[in-house]
Amino acid sequence: MPFPIERIRNFSIIAHIDHGKSTLADRILEFTGALSDRERQDQFLDKMELERERGITIKAQSVRLSYTAKDGIEYQLNLIDTPGHVDFSYEVSRSLAACEGALLVVDASQGVEAQTLANVYLAIENDLEIIPVFNKIDLPGADVDRSAREVEEIVGLDCSGAIEASAKEGIGIEAILEAVVRRVPPPKSTTGNAGPLRALVVDSWYDSYRGAVVLVRVIDGVLAEGDKIRMMATKADYEATEIGVFAPFPRAVGSLGPGEVGFFAASIKSVGDTKIGDTITHTQVKLRATEQLPGFKEVKPMVFCGIFPTDSSEYPALRDALDKLHLNDSALTFEPETSDALGFGFRCGFLGMLHMEIVQERLEREYDLDLVTTAPSVVYHCYLTDGSMVEVENPSRLPDPVKIDHVREPYFTVAIHVPAQYVGAVIKLCEERRGEQKGIQYASTERVIVTYELPFAEVLYDFFDRLKTATRGYASMDYELAGYRQNKLVKIDMMINGERVDALSAIVHHSNAQTLGRGLATKLRKIVPRQQYEVAIQAAIGGKIIARETVKALRKDVTAKCYGGDITRKRKLLEKQKRGKRRMKSVGSVEIPQAAFHAILNVDD
Amino acid sequence: MMGQGLDTSAYVHFPWCLKKCPYCDFASAAIRRGEVPHEDYTDAIVRELEGRPVAGRRLESVFFGGGTPSLWDPKALGRALAALRGAFDAGGDLEITVECNPTSIDAEKAAALREAGVNRLSIGVQSVNDGRLRFLGRLHDAAGALRALEAVVPVMERVSADLMFGMPGQTADDFEAEIDAVLATGVEHVSAYALTIEPDTQFGALHRKGRLTLAPEGDFADTFERAREVFRAAGMIHYEVSNHALPGRTSQHNQHYWRGGDYLGLGAGAVGTLNGRRYKNDPRPERYLAAPAAAEVFEETLEPDDRVREALMLGLRTDEGVRFDTVQARTGLDARAGRERAIARRVASGDLVVDDERMRIPHERWLHLDGIVADLF
């Protein structure tokens, strides 16, 4: 018997990194008795080691809580924890679509940050009831009034009913739960239990026994064990073999009714078969929905880079590792790629920079691979003279200039939140990066939102680091795709000892191509270690050499003395030297360190 | 090869000098001539030796290093030597070397050492240029150094001289002249060291502050190559990175290290390696004298893998290279296993010469030795 819909509350927590989301979730779990003292563990919802370490959530999760409110009635609360990074904004929007309310957690000592804002806007778009919570009121720097003013001015949200809390000290937890019960509306279902099934796919993850496990929010109808179901976007049919909820540990339930959140397994081979935002319905004609839930999008990778094993014999191991990661991460794409310089590897696509870093880190840490990665690249749309268009996600593959009619590159709308005194520095940086100003909005007397349209490629090239430096770490940033624009773009090729190294090619705007080419050559001279022979480094644009640098030959690389008393120390020195070589790639007879392939990202350093 | 692992050389460290040299990072303390505890130090060496597991091993060579072991009374040194011979399986015709400074050796002293059983002297000449000797902080001058060599060559069976190059302003031509002068005294073995700045020395401190510069790398390299030519013209073989000798006059003691053999270390600051266990004694003489049988301050167990890497690191410094069968017998491992690709790459580039028995680095690539060896690690 499905749980009465009027006693269900589905909510999520929106917070900037470090503003206390995980701790608050832990306290809520404890307060409702979902976790015994024995089971307590910090950041309970962040399951992966990496998530815990970086304080980010990558996968959405849900917890069903049973809460008896002050009115004496027992409610079913479903807390849906969402990924908190702009790389995953589509995933966040689907998690929010599964909720009717959200807690907006703001660190009372810090105020509103850009990323929080992006997610708040998503919540507003999804018609969520937003309850402001000012956290960390125990801190001496906490200023609830100032934070409330910011939320009201920037977000336009009434803060009269805001809750003051300290998740760390356990203050305000009950008030939060009461507000969820009283202010978050119960889910609505037009058809109730009897109608055709419509359930929203919130996320999915891979389990080696069950296959893909799918987190869903039921909108209409009932999903029961043994049901024959269909994914409406992929049109694939399955049989739901297991239905359950997390409370917070997985527990089987026979069915999920309207408004409920839970998971099902159906012997689905990979998470790639379960598209986030897809609608699940029944295959049976009578119970089959005709219309998909709104908001579904195919996720497309935005950032690409080449990943190569330093030792080519590790290629099969790299392929296996990517296969395994892909089982659980359908946004990651990879295709075999051959580089003249780096050998066999993969061109991998990611949602954004954070996603890329996470994948690279997991490959090295969990699969113990030594990798060389090329600089990240955006996807260029290259229109040829014959009228066709090719997508170029690897700069070295840009077609011959004579065949190119024009090239278009992706632009982002970037919103930068910054204290007023740094506005000048932000504008200067954005102008340097070919930005086009879209607006300057005073959110309060001391906080400004600077909006620019910037080429995504410029954002990749250490934009965020520069921004942090220029604003002493006070800026926060949010961005979204704003379409493609035609620009005069050229390819810089780098040559080492006269041979073009494809993995070092970069596509840049023609106005600063000369400067970048020269800077890149200088930078590579500093990065490439001296070797037995002189190494010539050249930069070329369209076949014309524009810069040349020389790495002088190393003339002496030998230890003078090695006797009985020195052996351990000398051996350890050589072992250290050997470890340094693990991340080098031999291109011809020249050893090139990993850093060289990322030199384009910060040429001026 | 049976029992070869038990061939053992012995190193005895004498931890005092009249003056500490600014470039030297060996364990040594300054002491006045009259204050050396000759007999006490011998007693301590003998006590330490009693606790070392050397019974049944064959003694390969003995080396008295330092410090300045020529400050040690030859009789006291002789007593330590006799104890060593007694502790091992009777050794036959051994190479027994004592390191000397030109200021603490003359014909008479050499004769006394010979009397005590010593048959080889290694003399710390360093330079035969007065300016450079002052730079190195040495107590002797060029004339004194040559005089010392001329005095001991007729008395001692074998004599080696240490020379140094790579000092600021010292060119290959300068060094060639110094080699000629030293060879004219009749020495049959020369160790020619590139001046190295060790961190824990006076030179190290000066270098960190930017107050000491070395010869440019090109001068180092040119001098290194020139030295080989000059020695070769004198009939000497460049048998290790820093060592040149007439055929049959190579240092057996050092070759034993470079072949990866076991060695007993005795005395303050001495390092020994027996049965895959390496240890180091406290370098402070007073601590060592107080408890010579319990003076270890460091030990490590060498895994077969470590031993292979050490065999490569040491063996590839020599013209004979690394013998695969020797490494196999000592470690149970094939030195080539797991490094086939690196070996193939280095063979292709001419950095390595490999046949069925051994691998070696040809002389003309010795200036790049560390990088080549690191690649094989």
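A disulfide is a pair of cysteine sulfur atoms within 2.5 Å. I started my notes with that rule.

**Ground rules.** I am reading a predicted model, where local features need pLDDT of at least 70, side-chain atom pairs count only at pLDDT 80 or more, and totals for chains, interfaces and linings use all residues. Residues are numbered from 1 along each chain as its sequence is written, chains are lettered from A and ligands numbered from 1 in the order in which they are written, and side-chain values use heavy atoms, with hydrogens and water left out.

**Cysteines.** I searched the whole structure and found 0 disulfides over all chains. A:Cys562 is in none; the nearest cysteine sulfur belongs to B:Cys24, 16 Å away. A:Cys562 counts as buried at 2% relative accessibility. B:Cys17 counts as buried too, at 10%.

**Chain B meets chain A.** I counted contacts next (heavy atoms within 4.5 Å). On the chain B side 44 residues touch 30 residues of chain A. The buried area is the accessible area (1.4 Å probe) that two parts lose on being put together, summed over both. Here it is about 3,400 Å², and carbon and sulfur atoms give 51% of it. In chain B, B:Glu217, B:His368 and B:Asp370 lose the most area to chain A, together 18% of what that side buries.

Which helix of chain B gives the most to the side that touches chain A? Helix 14 of chain B does, with 7 residues.

**Helix 14 of chain B.** Helices (H or I, at least four residues) and strands (E, at least two) are DSSP runs, numbered from the N terminus. I checked how covered this helix is: 8 of its 8 residues are buried. Among them are B:Leu369, B:Asp370 and B:Ile372. Its cover comes from both chains, including helix 13 (567–581) and strand 33 (590–593) of chain A, and helix 11 and helix 13 of chain B.

**A sheet in chain B.** Two strands pair if DSSP finds at least two bridges between them. I found an open sheet of 3 strands in chain B, order 15-17-16, with antiparallel pairing. Strand 15 (322–323) and strand 16 (353–354) are the edges, each pairing on one side only. Strand 15 joins strand 17 (residues 358–360) by 2 bridges. B:Arg323 stands opposite B:Arg358 there.

**Strand 27 of chain A.** I ended with residues 489–496, where 7 of 8 residues are buried. This strand pairs antiparallel with strand 29 (residues 506–509) over 4 bridges, and A:Leu489 stands opposite A:His509. With strand 30 (residues 535–541) the antiparallel pairing runs over 5 bridges, and A:Asp493 faces A:Ala540. Strand 28 (residues 499–500) pairs with strand 27 over 2 bridges. Those two strands form a hairpin with 2 residues between them, and A:Asn497 in the turn has a positive phi of about 50°.

Methods. Buried means under 20% relative accessible area, exposed over 50%, partly exposed in between (1.4 Å probe, protein chains only).
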